[in-house]
Amino acid sequence: QLETIYLSISGLNKNTYSIMRSPNLATLLELLDVGGPANDKLNHRSLQFVLPDYTSPPLPDALAATPLPFQSDETVDNARDLDAAGLCVGPDANYTACQIVFTPNSSTGALTTGGKVGVIFFGGALVDPRGYSPMMRMLSDDYGIPVVVPIFTADLSFKMGVCDSGRLAQAQKAFPDVERWVLAGHSFGGITAYNDAWSMAQQKNGTDIKGTIGDTLGGVAMVASYVRQDLGCGFSDFSSTDWEWLPFASISASEDMILNVANYEAGQELLPTGSLVITKEIEGGNHGGFGSYDYSERETLLFQIDGNATITPEEQQSITAEIISMIASMAAEDIKMEPGPKKDKKDK
């Protein structure tokens, strides 16, 4: 029996796909729309091919930055299997096995948020979640922010029409002292991040959005991603005054040839308005530079052709981590903080 999964994704080659999959079959991927100069040769064409059993592996620096238990491929595969079995959500979920946890080190202390605001980071489609470990280390070690990176089967965090990943509760179990969470994600993971935020408001079904979810939702950070309204999750629109209170970041890169620029610009109209919104294009960065993973095969297997970066991934990720930390700081402004350890001048 075939399981039909409909995915609309900005992260897979700037296209909208229908993917039909079963435990033994990955047969149909229809390319409907192509955007971006690097992929003009595919414009107005339909391609049919077998969806590869593939995920972009982490580079050595990413593995080294990953907490020890999850440096093992077997451990990550086990987490993917648990998610496929529905064991990464709900009250009986195995929260220690289904997510990678980055705990701020004691020497850093809770510098940015007093330990009261954490980050859930959703990785891009078909990217090993460990590919984001260097940037997560920046958030936890340099800014003192608790971080959780959920693991999903097939490394796909969002499924069409499933509008809540269910992973907030698992992050809360990992860091019970964290009061608010910034939902962040790269590419396809950015779709998951904002849909989780939108879903929280829809579930409460109230007019006072801040009053109902503001104590839990601290902010949203979309990295090489954009808000769209064709995913089966309602007409997501954060531009009304109901969302002015929400810190929100939209981060892109000048050499990104994967992101659909026209759709990205249209999505900017759906962001909150006001002083709590950060929009940043990182000059010289590209799509893959937001992580540390091997994307060399994505051109052949997924028809993804990225631009040539003129800055290092470390520089690109450092800028991104700083912006996410700024969103976390905004989220923490009205939380009563406990005094944290002071840093020596030599550590500043």
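Across which strands does helix α5 lie? Helix α5 (residues 188–204) lies across β5, β7 and β8, and runs at about 145 degrees to β7. The model shown in these views is predicted.

**View 1**
Seven strands form an open sheet with mixed pairing, in the order β4-β6-β5-β7-β8-β9-β10. The edges are held by β4 and β10 (277–282), each with a single partner strand, so one side of each has no neighbour in the sheet. On average, and with direction ignored, neighbouring strands of this sheet are turned by 15 degrees against each other. Strands of a sheet pair through backbone hydrogen bonds, either parallel or antiparallel. In this sheet, the pairing of β8 with β9 is in the parallel sense and extends over four bridges. Ala221 has Ala249 in β9 as its bridge partner.

**View 1. Strand β7 and its two partners.**
Strand β7 comprises residues 180–186, and seven of its seven residues are buried, so the strand is largely enclosed by the rest of the structure. In a regular strand the side chains alternate between the two faces of the sheet. In β7, Arg180, Val182, Ala184 and His186 point one way, whereas Trp181, Leu183 and Gly185 point the other way, and all are buried. With β5, strand β7 pairs in the parallel sense over six bridges; the partner of Gly118 in β7 is Trp181. With β8 (residues 217–223), strand β7 also pairs in the parallel sense over six bridges. Opposite His186 stands Val223 in β8.

**View 2. Ala224 in the loop between β8 and β9.**
Ala224 is located in the loop between β8 and β9. Its relative accessible area is 0%, so Ala224 is buried. Most residues other than glycine have a negative phi. Ala224, in contrast, has a positive phi near 50 degrees.

**View 3. The surroundings of helix α3.**
Helix α3 spans residues 133–142; seven of its ten residues are buried, and the helix is therefore largely enclosed by the rest of the structure. These buried residues are Ser133, Pro134, Met135, Met136, Met138, Leu139 and Ser140. They pack against α1 (60–65), β4 (99–102), β5 (117–122), β6 (147–150) and α9 (313–332). Just after the helix, Gly144 adopts a positive phi of about 70 degrees.

**View 4. The crossing of α3 and α9.**
The axes of α3 and α9 are 9 Å apart, and the two helices pack at an angle of about 45 degrees. They are therefore oblique to each other, and their crossing is right-handed. From α3, the residues Pro134, Met135, Met138 and Leu139 take part. They meet Glu314, Gln317, Ser318, Thr320, Ala321, Ile324 and Ser325 in α9. An α-helix has 3.6 residues a turn, so residues three or four places apart point the same way.

**View 5. Arg80 in helix α2.**
Arg80 belongs to helix α2 (residues 73–84). Its relative accessibility is 13%; because residues under 20% count as buried, Arg80 is placed in that class. The side chains of Arg80 and Asp77 are joined by a polar contact of 2.6 Å. Apart from its neighbours within four places in sequence, Arg80 is in contact with Thr55, Asp128, Pro129, Ile151, Phe152, Thr153 and Asp155.

Ser254 is found in the loop between β9 (248–253) and α7 (261–267). A polar atom of the Ser254 side chain lies 2.7 Å from the backbone nitrogen of Gly284. Neighbours within four places in sequence left aside, the contacts of Ser254 are with Glu281, Ile282, Glu283, Gly284 and Gly285.

Phe303 lies in the loop between α8 (298–302) and α9. Phi of this residue, which is not a glycine, is positive at near 60 degrees. With a relative accessibility of 24%, Phe303 counts as partly exposed. Thr310 is found in the loop between α8 and α9, and is exposed, with a relative accessible area of 65%. Thr310 and Glu255 are 55 residues apart along the chain, and their C-alpha atoms are separated by 8.3 Å.

Terms used
Residues are numbered from 1 along each chain as its sequence is written. This is a predicted model: local features need pLDDT of at least 70, side-chain atom pairs count only at pLDDT 80 or more; totals for chains, interfaces and linings use all residues. Side-chain values use heavy atoms; hydrogens and water are left out. Buried means under 20% relative accessible area, exposed over 50%, partly exposed in between (1.4 Å probe, protein chains only). Contact means heavy atoms within 4.5 Å. Two strands pair if DSSP finds at least two bridges between them. A polar contact is a pair of N or O atoms within 3.5 Å; within protein, one must be able to donate a hydrogen and the other to accept it, and residues adjacent in sequence count only if both atoms are side-chain atoms. Axes are lines fitted to C-alpha atoms, for helices over the stretch in contact, and angles run from 0 to 180 degrees between N-to-C directions. Angles under 35 degrees count as roughly parallel, over 145 as roughly antiparallel, 65 to 115 as roughly perpendicular and the rest as oblique. A crossing is left-handed if the near helix is turned anticlockwise from the far one by less than a right angle, and right-handed if clockwise.
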